[in-house]
Amino acid sequence: MTSDNPVLCPSAQPEWEGAQVIGVMTGTADKPEMAYLNAPQPVTEQLLELAGPVSPAEVFRFSAPCACTGCGHYAEAESKCRLAEKVVRFTPTVTEQLPVCAIRSDCRWWLQEGRSACFRCPQVVTNNLKPTEDMRRAADYGVL
């Protein structure tokens, strides 16, 4: 992380302050895969409308400054993201190469979990209405 940049959540909501688009979900509902953008793009009303009729977080991946204690996935006592930890623990790798990622140097998941998070990141859909059992366990606030 550079000293001038905040730590970024790679699975943010589009309405979060500072949100930017970092990827577009491709693949299928059963096997989603993120196509990473070369550079983060601003969130605009026109962009959000492109997702219709589904929610933007089903179609796009957004980054934003980590909400830390404002997020249910954040473990304050350990200063870490439980979602990143559980994505690594419960979900399979989907790539053997680091994806080309425009936010890696400031990404909470990368800074916390390293390559292991990046090998799983492409399958994460922020608002996933058809999650696998592995992804359901990873996203569950209560599971450790």
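The lining of the second largest pocket in this predicted model divides into 10 nonpolar, five polar and five charged residues, where Ala, Val, Leu, Ile, Met, Phe, Trp, Tyr, Cys and Pro count as nonpolar, Asp, Glu, Lys and Arg as charged, and the others, Gly among them, as polar. The volume of this pocket is about 330 Å³, and of its 20 lining residues, Pro32, Glu33, Val94, Pro122 and Gln123 are the closest to the centre. A pocket is here an open set of points on a 1 Å grid over the protein atoms alone, where a 1.4 Å probe fits, with protein on both sides within 12 Å along at least five of seven lines, and lining residues have an atom within 4 Å of a point. Strand 3 (32-42) and helix 6 (133-139) each supply at least two residues of the lining, and strand 3 gives the most, with four; helices (H or I, at least four residues) and strands (E, at least two) are DSSP runs numbered from the N terminus.

Strand 4 (residues 60-65) is largely enclosed by the rest of the structure, because five of its six residues are buried, that is, under 20% relative accessible area with a 1.4 Å probe and protein chains only. Strand 4 pairs in the antiparallel sense with strand 1 (residues 8-12) over three bridges and with strand 2 (residues 20-27) over four, pairing being assigned if DSSP finds at least two bridges.

Residues are numbered from 1 along each chain as its sequence is written. Local features need pLDDT of at least 70 and side-chain atom pairs pLDDT 80 or more, whereas totals for chains, interfaces and linings use all residues, and side-chain values use heavy atoms, without hydrogens and water.

Key. Buried means under 20% relative accessible area, exposed over 50%, partly exposed in between (1.4 Å probe, protein chains only). Grid points are joined across faces, edges and corners, and a volume is the space filled by probe spheres set on the points.
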